[in-house]
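Dear colleague,

Please find below the structure that I am handing over to you.

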Amino acid sequence: MASTAGTLDSPVKQIQIEGMVVLKIIKHYQEEGQGSEVVQGVLLGLVVEDRLEITNCFPFPQHTEDDADFDEVQYQMEMMRSLRHVNIDHLHVGWYQSTYYGSFVSRALLDSQFSYQHAIEESVVLIYDPIKTGQGSLSLKAYRLTPKLMEICKEKDFTPEGLKKANIGFEHMFEEVPIVIRNSHLINVLMWELEDKSTVADKHELLNLSSSNHLEKSLQLLMDRVDDMSQDIVKFNTYSRNLSKQQQQKHQYLQRRQQENAQRQSRGEPQLPEEDINKMFKPPQPPPRMDTLLIAGQVNNYCQNVKEFTSQNLGKLFMAEALQGHN
Amino acid sequence: MSVFGPVVKIHPVVLASICDSYERRNEGASRVIGTLLGTIDKHSIEVTNCFSVPHNESEDEVAVDMEFAKNMYELHKRVSPTEVIIGWYATGFDITEHSVLIHEYYSREATNPIHLTADTALQSGKMNIRAYVRLAHLSVLCLKNSEGISECQYVFYSAQMGVPGKTVGVMFTPLSVKYIYYDTERIGVDLLQRTRMTPGRTKGLTSDLSQVAGSASRVQDMLTTVLAYIEDVLSGKVTADNSVGRFLMDLVNKVPTISAEDFENMLNSNINDLLMVTYLSNLTQAQIALNEKLVLL
C-alpha cells in the first residue's frame, strides 16, 4: 500500500521528529484513548530543505459534544496563538492519529489528509499504533497521499472510468515517509539523568512468546474487511451485468426502430420520430470505486502487519528452541 | 534527612517539555517558568503535563502573564479533564526571592502547590531535578545590629508562638522525586535513549527481525555480565554474595524443564500456526492485486 518515497518525486523525503513529540503522542493515547476509537492531534514544525521537522504537537479534545466543529477551529486558533507567545513553531505541518490493530485506511482519513495536503503541500499524517508499541517496539509511521490520488480527490471523480484513466491501484494510494528521531544535546543530558535514576525495566515485552491473542484479533479484522470487499465486488458485478443488459436492450430497440421505419417508408407513411433513447433507457448508477480502493488498501495493510508479526514470532520461537536445547 | 510529605512522581514527557521551553526562551531571559498539571493522590503527586508561561524577570520585579496561564489551562482541560494545576516549575539551580512571589500566585490557583526546579544550565555538572513544597509560614526573628541591617537569626514555626516576628518567611522543603513511566512510555524512552550514541543525535525506527535481534543482543550482554561476575567469584577475586546467589538460582530455574518430545510438539504446532497465517495473508494480498488488475482492464 505504501511505496518508498525515494522513487516518487515528493517535496518531503524524510521526517525528523523531536523526542518530546513522541513522548507527548504516547502520553495522549495512554491517558485519553483507552477504549475509544482514535485520538487525534495536530503536528507543528517547519520544513527544512527536503526534510520535514516536527518540533511540537498538541492534542485535540474528543468529539463528545454536538458543537464539535465550532469548538475545533476555535480551540486550534487559541492553542496556536498561545504557543506563539512561548516561541513554539506555530506552523501546521500535519496531524497524528492512533489506530487499532492497523485499521486506519478509511474515508475520514483520506478526506482529512486531502484537505491538509491541499492547503499545505508538505503535510503528513502520523499513525501511532499503541498495541504494537506495547509489544516492544515503537510503531510510528508517516504517510502522505500520492500525487495521483490527490488528482483524483480534486476531481471527485470516483467512477470506474475515472480511476481507470488515472491507473491507480491500492498500492499507489499512500506513500510512506521514513522517520528519524532527533534529540537536542539538552535532552540527551536528560536521558542520561533518567537512566541513572530510574530502575531497569524488568519487562522485555519484545521477547514475549505468546502470540495467539494478537493473531486472533488481526485475523478477525482481516476477515471482516475481506467480507466487505466481497460485497463490494458483488455490487460491481451486478452493475456491469446491468450495464451490458441495458446496452443490449438499447441495441434491440434501435434495430426495431430502424426496421419499423424501413417498413413505413415502404408503405409511404410518415416516419416515427427519433426518440431520445437515453431518456428511455436510463443508464444504471456506476458504483463509486473509492471504497473498494480503500478496502483493498486496508486489507493490504492488515496482511503486512500480520506478516511482520509472524516473522518476529518465528524468530523468537527459534531462539526459545536454542535455549531449550542447552538444557 | 527524613522525607516529608508526599512523593512526587514525574513523567518524562514533563521534563522533555521543560528542556524544550528552556531552549526556546526569549533573548535575555535567564530562566523559564511554567505550570505543572497532574493528579493528586493521598501519598503522591503525579505530574503528567506542563506548559510554559511567558514572564519577565528583572532585578527588582517579576511579572507573570496569569491571563495566559489561565487560558492555557482551560484549553488543556478540554483534552484531559482529570488534570489539575498542582504547581509550577522553573529552570535554574537556586530558589530566588522572585520564586516566592510566583509561588504566592500559584497558591491562589491550587492548594499547596509544589515547585519543581530543573537545572538546565547544568551548574553542578548534572541536571538536578528537585521538587519543593512550602512549609507553613515561618516567623523569622530578626535582630538588627548596629548598622540597622536586619539579620535572620532564628527560624521558628509560626502561629501559636505569637512571636513578634518582623517578617514572615517561607521555607521550601525538598520532596523526594521519582520517575514513573507507562509501559508504552518506557518503550518510547528506550528508543530515545539510543539517540545518545549516534553522532548526529538521530535514530531511525527499525522494524521486523532486526528489533528481535537487538533485544536478543541486549539480553546476551546482560548474561555476559552475569557470567563475568560468576567467573570472578569462582576464581576467588570477588567474595560471594548470598542474595546474588539466590537470584542466580531463580534465573536458572526459570527455564522450564519440559521433555524434549513435548517441547518439539509445542514448537512445531506454533510454527505451523504462524506459517499458515503467513501463507493466508500472502494469498489475500495476491488476490486483491489480481482483483485490481481485472477491474482496471
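Helices in this account are DSSP runs of H or I with at least four residues, numbered from the N terminus. The model is a predicted one. In helix 8 (residues 212–267) of chain A, A:D228 and A:R225 sit three residues apart, about one turn of the helix. Their side chains form a salt bridge in which the closest N and O atoms are 2.9 Å apart. A:D228 is partly exposed, because its relative accessibility is 31%, and A:R225 is likewise partly exposed at 25%.

Helix 8 of chain A holds a second pair of this kind, A:K235 and A:D232, which are three residues apart and therefore separated by about one helical turn. In this salt bridge the closest N and O atoms are 3.9 Å apart. A:K235 is exposed, with a relative accessible area of 51%, whereas A:D232 counts as buried at 12%.

A further salt bridge in chain A joins the side chains of A:E175 and A:R144, at 3.2 Å from N to O. This pair links distant parts of the chain: A:E175 belongs to strand 8 (residues 174–177) and A:R144 to strand 7 (residues 140–145), 31 residues apart. Both A:E175 and A:R144 are buried. Over all chains, the structure holds nine salt bridges.

Turning to the interface, 98 residues of chain A are in contact with 86 residues of chain B. The area buried between the two chains is about 8,300 Å², and carbon and sulfur atoms give 66% of it. A:L23, A:L186 and A:Q324 supply 8% of the area that chain A buries against chain B, more than any other three residues.

Between chain A and chain B the count is one salt bridge, in which the side chains of A:K27 and B:E83 meet at 3.2 Å, N to O. There are also six residue pairs in polar contact between these chains, with both residues at pLDDT 80 or more. On the side of chain A that touches chain B, helix 10 (residues 290–325) of chain A gives the most, with 23 residues. The residues on that side of chain A divide into 48 nonpolar, 31 polar and 19 charged.

As for the chains themselves, chain A has ten helices and nine strands, and 47% of its 327 residues count as buried. Its accessible surface comes to about 16,600 Å², of which 51% belongs to carbon and sulfur atoms. Chain B has seven helices and 14 strands, and 37% of its 297 residues count as buried. The accessible surface of chain B comes to about 17,100 Å², with 56% belonging to carbon and sulfur atoms.

A:E49 lies in the loop between strand 3 (40–48) and strand 4 (51–59) of chain A. Its phi is near 50 degrees, a positive value in a residue other than glycine. Most residues other than glycine have a negative phi. A:E49 is exposed, with a relative accessible area of 69%.

B:R31 lies in the loop between helix 1 (12–23) and strand 2 (33–40) of chain B. B:R31 counts as buried because its relative accessible area is 8%, under the 20% cut-off. Beyond its sequence neighbours up to four places away, B:R31 touches residues including B:H55, B:E57 and B:D94. B:R31 and B:H55 are 24 residues apart in sequence and 9.4 Å apart in space, C-alpha to C-alpha.

Yours sincerely

Methods: Residues numbered from 1 in each chain as written. Chains lettered and ligands numbered in written order. Predicted model: local features only at pLDDT ≥ 70, side-chain atom pairs only at ≥ 80, totals over all residues. Heavy atoms only, no water. Contact = heavy atoms within 4.5 Å. Buried area = accessible area lost by both parts, 1.4 Å probe. Salt bridge = Lys/Arg side-chain N within 4 Å of Asp/Glu carboxyl O. Polar contact = N/O pair within 3.5 Å; in protein donor to acceptor, adjacent residues only side chain to side chain. Helix = DSSP H or I, 4+ residues; strand = E, 2+ residues; numbered from the N terminus. Nonpolar A, V, L, I, M, F, W, Y, C, P; charged D, E, K, R; others polar. Buried < 20%, exposed > 50% of the residue type's maximum accessible area, 1.4 Å probe, protein only. Areas by Shrake-Rupley, 256 points an atom, 1.4 Å probe, with all protein chains shown as cover.
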